[in-house]
Amino acid sequence: MSETIISADLVAGHNAARKADLERDYASLGERLDRRGIAIDAIRDKVEKFAVAIPSWGVGTGGTRFARFPGPGEPRDIFDKIEDCAVISQLTQATPTVSLHIPWDKADPKRLKQAASRFGLGFDAMNSNTFSDTKDQKLSYKFGSLSHADAGTRQQAVEHNLECVEIGRTLGSKALTVWIGDGSNFPGQVNFAKAFERYLDAMREIYAGLPDDWRLFTEHKMYEPAFYSTVVQDWGTNYIIAKELGDKAFCLVDLGHHAPNVNIEMIVSRLIQFGKLGGFHFNDSKYGDDDLDAGSIDPYRLFLVFNELVDAEPSGAKGFNPAHMLDQSHNVTDPIESLMLSAVEVQRAYAQALLVDRRALEGFQEANDALMATQTLKAAYRTDVEPILAMARLRTGGVIDPVAAYRQAGYRAKVAAERPAVAGGGGGIV
Ligand SMILES: [Mn+2]
């Protein structure tokens with residue numbers, strides 16, 4: 001039996017005060033879904049099994065390139081981060097794994113494993129970092145890493161990625177996610193073809209060092225830190241990479257890494273169709289890579305992404321096993337609260353997508369009935385599935401209202417007293 005941080009008494013009291021109302025809401029929704037031929041318990045069972053990973057860097061306060069305003073009780077190291085992740089997992093029962101970023105989270109792997117399993121947590125994909133320099137690093141990544149003009153710098157970046165795989169093996173991780181900031185700020189600064197060829201060669205070395213049961217996720221992003229050209233800038237380039245590398249290579253879609261108004265759900269469909277969808281970094285955005293909380297700006301888009309995922313489930317599409325992870329930067333909220341609500345938003349989009357009448361939708365598509373086809377999606381999206389999500393949490397040991405229980409527990413004040421304040425003023429997203 002794993003340890004819990006929020007007391008069992010508090011959880012029991014919180015749920016007891018809300019259980020009767022929830023049961024009534026659940027029964028009422030169940031009756032309405034029944035009229036549509038949907039069994040509410042079957043949806044709830046699927047929601048209970050749904051999981052999304054927490055990024056270790058998400059539990060610290062983020063920032064912009066202008067400033068960072070730290071919050072109270074920020075985690076000081078990876079062991080504090082694991083405790084914060086344990087709180088999120090305990091209250092939501094939706095986030096059983098943590099995704100590490102090396103070297104930020106570097107520590108003795110055996111200790112890391114112990115710290116996580118104490119709370120019943122596992123490890124999701126490992127993330128390498130060749131977009132910033134560390135203190136005692138030999139060669140700088142200022143002008144790139146895996147695509148750098150200098151062979152020594154590329155080799156250093158390759159070795160770092162292989163080290164991430166090595167650490168991940170001890171932790172029980174099964175995937176490596178590679179995102180690089182390589183690119184250029186001026187026309188002419190970089191030869192596009194040569195840079196991409198160097199990148200592919202470096203990635204082939206990393207791929208060769210991957211254990212048989214691992215997957216390699218490459219993540220595209222249109223711009224930033226490079227503002228003129230980026231080596232892995234879009235899903236097309238990402239698909240080429242996955243095809244060039246082999247069967248263990250897949251594309252990772254970060255919702256914030258596209259131009260505004262790009263049809264992301266259609267990208268998702270294309271990658272599924274050709275067996276190369278690796279997974280997601282969920283977040284939301286209004287203008288660029290804003291890293292806002294999942295579902296906070298455009299929840300309909302999140303639903304439409306899940307509509308594609310649910311649509312692909314029964315078809316048994318080749319290699320279809322997408323990894324779900326949050327990737328957000330919390331500048332003005334308590335990161336634990338944001339991550340709990342974001343995990344719930346991702347679950348909500350999944351539950352709503354499960355309600356789509358797919359037979360009816362197909363019929364309207366065949367008949368070119370655009371209006372009824374889109375209304376079929378809207379009918380699912382308009383359904384308030386909160387009782388399903390809350391019931392799933394209650395049944396699996398979580399709480400009916402995660403933010404209310406978290407505030408009631410006073411966790412932030414408690415850790416603020418234990419963890420000395422981190423000096424503010426430094427820029428940069430962490
Ligand atoms: Mn990301």
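User: Which residues does Leu171 touch, and what makes them contacts?

Analyst: Leu171 touches Pro109, Leu112, Lys113 and Phe123, leaving aside residues up to four places away in sequence. Two residues count as in contact if their C-beta atoms, placed from the backbone, lie within 7 Å. The model is predicted, so local features need pLDDT of at least 70 and side-chain atom pairs pLDDT 80 or more, while totals for chains, interfaces and linings use all residues. Numbering starts from 1 along each chain as its sequence is written.

User: Why is Leu171 called partly exposed?

Analyst: Count the C-beta atoms around Leu171: 18 others lie within 10 Å. Buried takes 20 or more within 10 Å, exposed takes 12 or fewer, and partly exposed is in between. With 18, Leu171 is therefore partly exposed.

User: Where does Leu171 sit, and what separates its C-alpha atom from that of Gly122?

Analyst: Leu171 belongs to helix α5, residues 151-171. A helix here is a DSSP run of H or I with at least four residues, a strand is a run of E with at least two, and both are numbered from the N terminus. Leu171 and Gly122 are 49 residues apart along the chain, yet their C-alpha atoms are separated by 8.0 Å.

User: What makes β6 and β8 a pair?

Analyst: Pairing requires that DSSP finds at least two bridges between the strands. Strand β6 (residues 175-178) and β8 share four bridges and run parallel. Thr177 stands opposite Phe217 in β8.

User: How do you know that β5 pairs with β6?

Analyst: Strand β5 (residues 126-128) has two bridges to β6, in the parallel sense. At least two is the requirement, so the strands pair. Met126 faces Leu176 in β6 across this pairing.

User: What is the order of the open sheet, and which strands stand at its edges?

Analyst: The order is β3-β5-β6-β8-β10-β11-β12, seven strands with parallel pairing. β3 (101-102) and β12 (323-326) are the edges, because each has a single partner strand and one side left without a neighbour in the sheet. β12 pairs with β11 (residues 277-282) over four bridges. There, Phe282 has Leu326 as its bridge partner. Helix α7 (residues 235-245) packs on the sheet and touches β8 and β10. Helix α8 (residues 264-273) lies across β10 and β11.

User: What makes β8 mostly covered?

Analyst: In β8 (residues 215-219), five of five residues are buried. One side carries Arg215, Phe217 and Glu219, the other Leu216 and Thr218. β8 also pairs with β10 (residues 249-254) over four bridges, and Glu219 has Leu252 as its partner there.

User: What makes the 105 residues a nonpolar core?

Analyst: The term covers buried Ala, Val, Leu, Ile, Met, Phe, Trp, Tyr and Cys residues joined through C-beta atoms within 7 Å. The largest such set has 105 residues, and Ala353 and Ile388 have the most contacts inside it. Helix α10 (residues 335-354) gives the largest share, 11 residues. Ala353 touches, among others, Phe303, Phe306 and Ala380.

User: How many residues of α13 are buried, and what covers them?

Analyst: Seven of the 10 residues in α13 (residues 386-395) are buried. Among them are Ile388, Leu389 and Met391. The cover includes α1 (8-35), α2 (40-49), α3 (78-92) and α10.

User: Why are α11 and α12 called roughly antiparallel?

Analyst: The axes of α11 (residues 358-366) and α12 (residues 370-381) cross at roughly 160° and come within 8 Å. Axes are lines fitted to C-alpha atoms, for helices over the stretch in contact, and angles between N-to-C directions run from 0 to 180 degrees. Under 35 degrees is roughly parallel, over 145 roughly antiparallel, 65 to 115 roughly perpendicular, and the rest oblique. α11 and α12 are therefore roughly antiparallel.

User: Why is α1 called oblique to α14?

Analyst: α1 and α14 (residues 402-409) pack at about 135°, with axes 11 Å apart. That angle makes α1 oblique to α14. Leu10, Val11 and His14 of α1 make the contact with Ala405, Gln408 and Ala409 of α14.
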